[in-house]
Amino acid sequence: MIPATASKVMVRHPKQLYMLFFSEMWERFSFYGMKALLLAYMVTQLKFDEPKGYAIFGSYTALVYTMPMFGGLIADRFLGYRRSIMFGGILMAIGHFILALPKEWSFFYGMAFIICGNGFFKPNISSLVGTLYAKNDPGKDSGFSLFYLGINAGAALGGLLCGYVGQRINWHYGFGLAGIFMILGLFVFYIGKKKLNGKGLPPDPEVLNKKVLGFISNEFIIYGGVLATVPLIVAVFNTYTLMEYIMFGLGFICLAYIIIIALKMDKEDRLKLFAALVMIIFSILFWAFYEQNAGSLNLFAIRNVDMNFMGYNLPPLSVNNFLPPAWVIILSFFFTQLWPWLNKRGKEPTTPLKFAISFMLMAAGFFVFWLACKWNAADGLIPLWSLVAGYFFIISGELCISPIGLSMITKLAPGKIVSLMMGIWFFATAIGEYLASRIGAMMSVPASVQNIAIASMPYYENILFRIFLWSGATGIFLWIFVPVLKKWMKDVK
């Protein structure tokens with residue numbers, strides 16, 4: 001329960017936050033609506049075997065969170081936030097409508113456009129939120145939590161509606177529905193961007209508009225270069241076994257690049273950047289566990305969750321993809337008031353401590369899933385309430401790391417590389433997404449099994465228990481390391 005006095009702690013947020021809230025909400029409707037269908041579509045419709053399905057799903061999710069690193073860098077140096085957001089949204093809409101085409105070639109090409117578009121939309125709208133607040137404004141964490149509410153309102157509706165349309169009516173109609181709401185998000189941003197009062201404009205318009213070879217500007221060279229990466233991404237899908245080398249190679253390059261940048265700074269800024277880097281690295285493991293909800297737990301819900309509710313058989317994809325963002329919406333009202341209330345009393349946990357708490361809560365959620373599997377191994381079906389309860393703890397953990405991480409980047413990163421660091425934050429998510437697919441593949445069930453519910457239960461039970469142990473151990477380790485990170489962060493809380 002929220003303490004009675006918490007209702008008196010009201011944080012006044014900039015009006016522009018609400019425009020960005022709705023832009024992001026409808027964009028996330030499209031993104032998560034499509035993601036809800038992806039793995040199940042490959043396994044049930046395209047007839048990929050599970051390991052291949054997980055590998056391609058992992059390649060997509062890894063690339064979709066890798067591109068923000070490049071989109072953030074290009075926004076910082078050339079396009080600015082506004083143009084990057086518009087360009088990214090257009091590419092994503094194109095990708096969704098390509099997926100809506102029932103053609104053999106459309107699947108990989110649609111995903112490739114979404115990957116490129118997300119790279120420009122996602123980091124820059126988050127960075128734009130950060131510009132609305134002063135660096136140490138105590139309302140910043142609360143503002144990002146509110147923004148995160150918009151993300152998950154869209155995700156809840158997208159998972160529910162696209163999941164239902166795709167599974168119960170037509171898979172391609174589900175993809176097309178996602179595209180319609182992407183256009184709605186673009187429209188909201190387009191009509192509202194004039195209220196941003198100069199924020200998010202190109203850093204150097206002269207460089208952006210400079211003509212190359214006398215007839216084409218740098219701006220259009222950037223757009224053309226991004227479009228040229230689409231067939232390259234399609235080629236990666238067709239050789240998905242190379243993804244491991246791509247992800248960890250890029251990870252090493254990013255780590256080396258940030259260390260080189262940090263070494264050129266004064267000691268205080270360098271330690272702040274290192275603190276951010278440590279928390280980014282820890283977040284990789286969090287997302288590797290958390291993102292089971294979009295992969296292995298989708299198939300788990302289809303096979304091993306009793307979806308009967310008051311005599312009605314609920315669609316598993318809709319339910320499983322609705323629950324996480326629905327819990328975010330409910331719990332965000334608590335967390336957006338909790339942090340300012342604790343801050344006012346000098347008891348708000350520091351950012352590193354919030355990260356440690358997130359792993360503890362994650363462990364509790366997977367313990368609930370594992371316990372339900374142990375109790376119901378005989379018939380292979382766990383009750384729906386155990387799925388609901390497990391996600392309660394997991395999403396509580398998410399709210400202690402994801403919006404806090406976005407806010408942390410804008411506090412600790414030097415102003416000139418905020419979007420780049422935001423991109424690297426999402427790249428850490430990309431590595432986590434890729435590792436999530438590898439973990440999910442450990443739960444692959446042989447196609448030859450007869451009773452899928454009973455036969456699949458041991459596969460899930462084993463890995464769910466391991467996730468519980470690893471998440472709890474990581475939380476304890478990070479908790480011990482909190483004093484060091486606090487020292488590095490200096491005045492930043």
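Methionine 421 is found in helix H15. Helices (H or I, at least four residues) are DSSP runs, numbered from the N terminus. This is a predicted model: local features need pLDDT of at least 70, side-chain atom pairs count only at pLDDT 80 or more, and totals for chains, interfaces and linings use all residues. Residues are numbered from 1 along each chain as its sequence is written, and side-chain values use heavy atoms, with hydrogens and water left out.

**Confidence**

- The average pLDDT of the protein is 86, where pLDDT is the predictor's confidence in each residue, from 0 to 100.
- A score of at least 70 is reached by 96% of the residues.
- Residues 1-9 have a pLDDT below 50. Beyond near neighbours in sequence, this stretch has 11 contacts in the model. Contact means heavy atoms within 4.5 Å.

**Methionine 421**

- Methionine 421 counts as buried because its relative accessibility is 0%. Buried means under 20% relative accessible area, exposed means over 50%, and partly exposed lies in between (1.4 Å probe, protein chains only).
- Not counting residues up to four places away in sequence, methionine 421 touches Ile258, Leu273, Ile280, Ile409 and Ala413.
- Isoleucine 395 is 26 residues from methionine 421 in sequence, and their C-alpha atoms are 24 Å apart in space.

**Tryptophan 370**

- Helix H12 (residues 351-375) holds tryptophan 370.
- Tryptophan 370 has 17% relative accessibility, so it counts as buried.
- Leaving aside neighbours within four places in sequence, tryptophan 370 is in contact with Glu461, Leu464 and Phe465.
- Tyrosine 460 is 90 residues from tryptophan 370 along the chain, yet 8.2 Å separates their C-alpha atoms.

**Aromatic rings**

- There are 33 aromatic pairs in the structure. Rings of Phe, Tyr and Trp (its six-membered ring) pair if their centres lie within 6.5 Å; planes under 30 degrees apart count as stacked, over 60 as edge-to-face and the rest as tilted.
- Phenylalanine 87 and tyrosine 223 form a tilted pair, because their ring centres are 4.5 Å apart and their planes meet at 40 degrees. The pair links distant parts of the chain, 136 residues apart: phenylalanine 87 is in helix H2 (residues 50-99) and tyrosine 223 in helix H7 (residues 218-238). Phenylalanine 87 and tyrosine 223 are both buried.
- The rings of phenylalanine 107 and phenylalanine 108 have centres 5.7 Å apart and planes at 40 degrees, so this pair is tilted. Phenylalanine 107 and phenylalanine 108 are buried.
- One aromatic cluster is formed by Tyr41, Phe107, Phe108, Trp171, Phe175 and Phe237.

**Charges over rings**

- The charged end of arginine 28 sits over the ring of phenylalanine 31, 4.1 Å from its centre. A charge sits over a ring if NZ of Lys or CZ of Arg is within 6 Å of the ring centre and within 35 degrees of the ring normal.
- Lysine 52 has its charged end over the ring of phenylalanine 48, 4.3 Å from the ring centre.

**Cavities**

- The structure holds 2 cavities of 30 Å³ or more. On a 1 Å grid over the protein atoms alone, a cavity is a set of points where a 1.4 Å probe fits but cannot get out; lining residues have an atom within 4 Å of a point.
- The largest cavity has about 360 Å³ of space.
- Its lining has 26 residues, and Tyr32, Tyr65, Tyr290, Glu291 and Glu398 lie nearest the centre.
- Helix H4 gives the most to this lining, with 5 residues.

Notes
Helix = DSSP H or I, 4+ residues; strand = E, 2+ residues; numbered from the N terminus. 1 Å grid on protein atoms, 1.4 Å probe; cavity = no way out; pocket = protein on both sides within 12 Å on 5 of 7 lines; lining within 4 Å. Points joined across faces, edges and corners; volume = space filled by probe spheres on them.
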